[in-house]
Amino acid sequence: MAGRQRYRLLLENAEQLVLVCGRREPWLRRDGAAGLAVLRAASLVVGLDGCIKAVGQADVIRNQFLEATFERIIDCSGKCVLPGLVDAHTHPVWAGDRVHEFAMKLAGASYMEIHQAGGGIHFTVEHTRKATEDELFTAFQQRLERMLRAGSTLVECKSGYGLDLETELKMLRVIERARKSMDIGISSTYCGAHAVPKGKTATEATDDIINNHLPKLKELKLRGQIHVNNIDVFCEKGVFDLESTRRILEAGKDTGLQINFHGDELHPMKSAELGAELGARAISHLEEVSDEGIVAMARAKCAAVLLPTTAYMLRLKQPQARKMLEEGVIVALGSDFNPNAYCFSMPMVMHLACVNMKMSMNEALAAATINAAYALGKSDTHGSLEVGKQGDLLIINSSRWEHLIYQFGGHEALINYVIVKGKVVYENERCETMSSY
């Protein structure tokens, strides 16, 4: 019995409590995702430290915590409780939208045609360099709040629209401000090799990053001014080739950063093979990955961060999600939120993954929770509802969790509560008046 201790939160009588994992698995491959851990008529307790203290059948939890007190109790009768969603790939710090380019794409222009004409990343770089740090932070804060309302409680956030040291550091400071001041969890990524700056060759840009950017990041990290988790490179034909990518990633790894990079998106570059060799934690995109690359990633436990919005909006070939799953790759999902793929919603990403990439709903949920957390090196604390993990949760107004994926674009009325570290950070009053689904 828990005695007269005080706790932060009790969720009781959930119709379904979706643990995702039940045995501290750091990831779920295909067979593991097929058997997601789900409890019925269940309750959950979060302690004052923000971590989960108990999960189990409602009557067992009730008896165990009979004399305990709680800062908040939520009756989840007829509702489902799930882990907070994890968005494993976003570019959310920038100025200047690219709505005009959407019209160009609809008229048939390719991504690289727009890029080479001075649009795409270079357009955003120009506007981001001109923006003040406060302007960038205000826009970033609003985007993160929209992601939170759509159920994301941990988000990977990249720099990469500076390309020079001054602007990259400005973006990373903005990310750091949000990490310290907002409820949402953030994994910070340095992506100075997002494109080759105008007036430089790829080799010159690579040398600048290795000799100037990374040493400065290391210095600021040692001072405690900026905390960066990952290093990213856009490994692509006409951007950073395989050798430049290798040099940057190895230098980043030497400074203590996790390798988590863009690869095999528009052309087969053997990025997957390189990532597996270097011990990358994750590689994103992979629309053009080779069969050998898939096998190498599976062996290396290198997560594939698939981005359904990108293939959808750019009309690209869909990533081979089924083949990856069958070969034993750890498949994760991300929104790829950026001016080119303007999507805040991981529920919509999961829906697209199921429809366009032929993933099952179980696989998609695992990919947007425990596997996305693994891709960020956070699956020991995030991505499932297990004792000891951080109390990041969603409560949805439905008796079956699958509605979160099934209702395409319906999450705004479906998500009842978003909870971070046991504290309600978003409460959707519209849900209280809605009938059960």
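Ground rules. Residues count from 1 along each chain as its sequence is written, and side-chain values use heavy atoms, without hydrogens or water. As the model is predicted, local features need pLDDT of at least 70 and side-chain atom pairs count only at pLDDT 80 or more, while totals for chains, interfaces and linings use all residues.

Confidence next. pLDDT is the predictor's confidence in each residue, from 0 to 100. The protein's mean is 95, with 98% of residues at 70 or more. Strand 6 (residues 85–87) is highest, at 99. Helix 4 (residues 111–116) is lowest, at a mean of 76. Helices here are DSSP runs of H or I, at least four residues; strands are runs of E, at least two; both are numbered from the N terminus.

What does the interface look like? In contact, meaning heavy atoms within 4.5 Å, are 33 residues of domain 1 and 32 residues of domain 2. Between them, about 2,800 Å² is buried, and carbon and sulfur atoms give 73% of that. Buried area is the accessible area (1.4 Å probe) that two parts lose on being put together, summed over both.

How many salt bridges cross between domain 1 and domain 2? Zero, by the rule: a side-chain nitrogen of Lys or Arg within 4 Å of a carboxyl oxygen of Asp or Glu.

And which strand gives the largest share of domain 1's side touching domain 2? Strand 15, with four residues.
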